[in-house]
Amino acid sequence: MTVEGHKISLPKEQVTQGLALAVLLLLTGLAIAGPSGLLAWSENSQLLDQRHQQIATLTEERDALRNRVDLLDPANADPDLVGEELRKNLNVVHPDEVVLTLPAQD
């Protein structure tokens, strides 16, 4: 320190301090606007909520399909579901049944 209170610094120290300041500013910018920064946080939260909804929907569909598979188990098949599948896939009916075809609804 000089008598006036000014600090004497070497050019090498100024370059080092300037680089350190630049790195800190870069890290601060990334913390705010980077891919995992504060600005992206709400978007990531929205995407996470959407994924949770998709998982819930897919879980319901999987459970419905699992129930249907359990009902079609060859060892203990549900007679109503087997009859429905026969009518739908093989176009078979009982002699006393009447089939009404409806126009497709768009």
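1. Leu30 sits in helix H1, which spans residues 11-33. Helices here are DSSP runs of H or I with at least four residues, numbered from the N terminus. This is a predicted model: local features need pLDDT of at least 70, side-chain atom pairs count only at pLDDT 80 or more, and totals for chains, interfaces and linings use all residues. Residues are numbered from 1 along each chain as its sequence is written, and side-chain values use heavy atoms, with hydrogens and water left out.

2. Leu30 has 46% relative accessibility, so the residue counts as partly exposed. The classes are buried (under 20% relative accessible area), exposed (over 50%) and partly exposed in between, with a 1.4 Å probe and protein chains only.

3. Leu30 also belongs to a nonpolar surface patch of about 490 Å². Patch members have over 30% relative accessible area and no salt bridge; nonpolar side chains (Val, Leu, Ile, Met, Phe, Trp, Tyr) are joined within 5 Å, like charges within 9 Å. The areas come from the Shrake-Rupley method with a 1.4 Å probe, and for residues only the protein chains shown count as cover.

4. Now the charged pairs. The count comes to six salt bridges. The rule asks for a side-chain nitrogen of Lys or Arg within 4 Å of a carboxyl oxygen of Asp or Glu.

5. Asp63 takes part in two of the pairs described here. With Arg62, the closest N and O atoms are 3.6 Å apart. With Arg66, the corresponding distance is 3.9 Å. Asp63 and Arg66 are three residues apart in helix H2 (residues 38-71), so about one helical turn separates them.

6. Asp63 is partly exposed, because its relative accessibility is 37%. Arg62 falls in that class at 43%. Arg66 is partly exposed too, at 45%.

7. Arg68 forms a salt bridge with Glu84, the closest N and O atoms being 3.8 Å apart. This pair links distant parts of the chain: Arg68 lies in helix H2, Glu84 in helix H3 (residues 79-90), and 16 residues separate them. Arg68 has a relative accessible area of 31%, so it counts as partly exposed. Glu84 is partly exposed at 42%.

8. Salt bridges link Arg68, Glu84, Glu85 and Lys88 in a network.

Conventions. Helix = DSSP H or I, 4+ residues; strand = E, 2+ residues; numbered from the N terminus.
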